[in-house]
Amino acid sequence: MGHELIAVDIAMDCLGTPFHHQARVAGRGLDCAGLYVHVMRELGLDYADAQGYPRNPYDGQLEAQMDAQPAIERIAVADAQAGDWLCMRIK
């Protein structure tokens, strides 16, 4: 089994974890970046953990943080598969 499917299992195990801005503890509190950090840590893969980001990113902050991740490359949404991360912003 590849990292993609294991990543999905790890993320699914976090269902029910309350949302807490900048939280990093599965089962106690996570935000979207915290979920990414948790999965990467569990897989033993390199990641950059951003700190001090606002609740509502602006001026490309979210995109810049994702681009700084060593394990992430941009793909078209149409090419997404299990284990890929969707980065979106709600306006």
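User: Is aspartate 67 buried, partly exposed or exposed?
Analyst: Aspartate 67 counts as partly exposed, at 45% relative accessibility. Buried means under 20% relative accessible area, exposed over 50%, and partly exposed in between, with a 1.4 Å probe and protein chains only. This is a predicted model, where local features need pLDDT of at least 70, side-chain atom pairs count only at pLDDT 80 or more, and totals for chains, interfaces and linings use all residues. Residues are numbered from 1 along each chain as its sequence is written, and side-chain values use heavy atoms, with hydrogens and water left out.

User: Which side chain does aspartate 67 meet in a salt bridge?
Analyst: That of arginine 74, at 2.9 Å from N to O. A salt bridge here is a side-chain nitrogen of Lys or Arg within 4 Å of a carboxyl oxygen of Asp or Glu. Arginine 74 counts as exposed, at 60% relative accessibility.

User: How many salt bridges by this rule?
Analyst: The count comes to 3. Arg24, Asp31 and Asp49 are linked in a network.

User: What are the distances from arginine 24 to aspartate 31 and to aspartate 49?
Analyst: From N to O, 3.2 Å to aspartate 31 and 2.7 Å to aspartate 49.

User: What does the pair of aspartate 49 and arginine 24 tie together?
Analyst: Parts that are 25 residues apart in sequence, because aspartate 49 lies in the loop between helix H2 (32-43) and helix H3 (61-67), and arginine 24 in strand E1 (residues 24-25). Helices (H or I, at least four residues) and strands (E, at least two) are DSSP runs, numbered from the N terminus.

User: Switching to the whole chain, in what order do the elements run?
Analyst: From the N terminus on, α-β-β-α-α, which comes to 3 helices and 2 strands. The radius of gyration is 13 Å, close to the 12 Å that the globule rule gives for 91 residues, so the chain is as compact as a globular protein of that length. That radius is taken over C-alpha atoms, and the rule is 2.2 Å times the number of residues to the power 0.38.

User: What does the C-alpha trace span along its principal axes?
Analyst: About 40 × 30 × 25 Å. Of the 91 residues, 23% count as buried.
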